[in-house]
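Please look at the sequence and the structure first.

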Amino acid sequence: MPEEISKRTVVCPAPGVDEVIVRRDVPWTSGLTMDVYYPAGAKSGNLPAIVIVGGYPDPGFEKFVGCKFKDMGSTTSWARLFAASGVAAIAYANRDPAADIHRLMSHLRQNAASLQIDATRIAIWASSGNVPVALSLLLHDSKEQPKCAVLCYGYTLDVAEEAAKFHFANPCAGKSIEDLADRTAIFVARAGRDETPRLNETLDRFVLQAIQRNLPLTFVNHPTGPHAFDLFDDSRTTCDIVNQILDFVRRRI
């Protein structure tokens, strides 16, 4: 089963994904690399970029699934979708997810010119158990300011028990919706038939509290979608949501 999951790709076809340019295994810190996906024909810098956030330590993740998170079919296919839509996509290896995402974002800003990206236009995308690490970038005390964030069918806040059970990093432990800054536009995609323990319970509470705080939130629900519907539910609704995500990022980055 883990090997099958590692090979799953986004079910929605899109023009241009095969023409995307990929720089593989670019060093970003000691012993760790990243892959950068560029739109076909990209020759100069100042490209907007999006980081595909990992929330599981790669050593354990690779042992269980058979590959690093950056090499997952879901990761590579989303990276190609973003690149084909005109946004450079970055997938990276990690050891300490909670700390490494902040180190990576700093590295991207400091090396934007050589990476051909615009340091002021960097977004983030995360799904499932990777979302708490993405959320840590949106806290009041975070030095990072992503232009926008896409959170798909993910655990959010108040998920200590689930983090311990499923072994994802939970840097927002003890935080509440009040700890989130209001500077970043957020897109939340919900899977209506998600059976992952307490996921929709905590996600629904997060969305309600975000609305009550009047945060810049865009929300979409896939009523019949299972967890990871972008990989498992080949339907018009899934593809509509995937396209909404791509459009959301393009417009806000």
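## Basis of the model

This is a predicted model, in which local features need pLDDT of at least 70 and side-chain atom pairs count only at pLDDT 80 or more, while totals for chains, interfaces and linings use all residues. Residues are numbered from 1 along each chain as its sequence is written, and side-chain values use heavy atoms, with hydrogens and water left out.

## Overall form

The protein contains 10 helices and eight strands. Here helices (H or I, at least four residues) and strands (E, at least two) are DSSP runs, numbered from the N terminus. The C-alpha trace spans about 45 × 40 × 35 Å along its principal axes. The radius of gyration is 17 Å, which agrees with the value near 18 Å that a compact globule of 253 residues would have. That radius is taken over C-alpha atoms, and the globule rule is 2.2 Å times the number of residues to the power 0.38.

Of the 253 residues, 55% are buried. Buried means under 20% relative accessible area, exposed means over 50%, and partly exposed is in between (1.4 Å probe, protein chains only). Among contacts with a separation of 6 or more, 77% are between residues 24 or more positions apart; a contact means heavy atoms within 4.5 Å.

## Surface and charge

## Paired strands

Strands 3, 5, 6 and 7 can be followed through their pairings. Two strands pair if DSSP finds at least two bridges between them. Strand 3 (residues 47–52) runs parallel to strand 5 and is joined to it by five bridges; Ile 50 stands opposite Ala 123 of strand 5. Strand 5 in turn pairs with strand 6 (residues 148–152) in the parallel sense over four bridges. Ile 124 has Ala 149 of strand 6 as a bridge partner, and Ser 127 has Cys 152. Strand 6 also pairs with strand 7, again parallel, over five bridges, and there Ala 149 stands opposite Ile 186.

## Cover over the strands

Strand 5 (residues 117–127) is mostly covered, with eight of its 11 residues buried. In strand 6, five of the five residues are buried, so this strand is largely enclosed by the rest of the structure. Strand 7 (residues 185–191) is also mostly covered, with seven of its seven residues buried.

In a regular strand the side chains alternate between the two faces of the sheet. In strand 6, Cys 148, Val 150 and Cys 152 lie on one side and Ala 149 and Leu 151 on the other, and all are buried. In strand 7, Ala 185, Phe 187, Ala 189 and Ala 191 point one way and Ile 186, Val 188 and Arg 190 the other way, and all of these are buried.

## Two loop residues with positive phi

Most residues other than glycine have a negative phi. Ser 128, although not a glycine, has a positive phi of about 55°. Ser 128 sits in the loop between strand 5 and helix 6 (131–136) and counts as buried, because its relative accessibility is 16%.

Arg 198 is also not a glycine and has a positive phi of about 65°. Its place is in the loop between strand 7 and helix 8 (199–212). With a relative accessibility of 27%, Arg 198 counts as partly exposed.

Is Lys 70 buried or exposed? Lys 70 is buried, with a relative accessible area of 4%. The residue lies in the loop between helix 2 (58–65) and helix 3 (73–84). Not counting residues up to four places away in sequence, Lys 70 touches residues including Asp 25, Asp 35, Thr 75 and Tyr 92. The C-alpha atoms of Lys 70 and Arg 205, 135 residues apart along the chain, are separated by 30 Å.

Glu 161 lies in helix 7 (residues 160–166) and counts as exposed, at 61% relative accessibility. Between the C-alpha atoms of Glu 161 and Thr 75, 86 residues apart along the chain, the separation is 26 Å.
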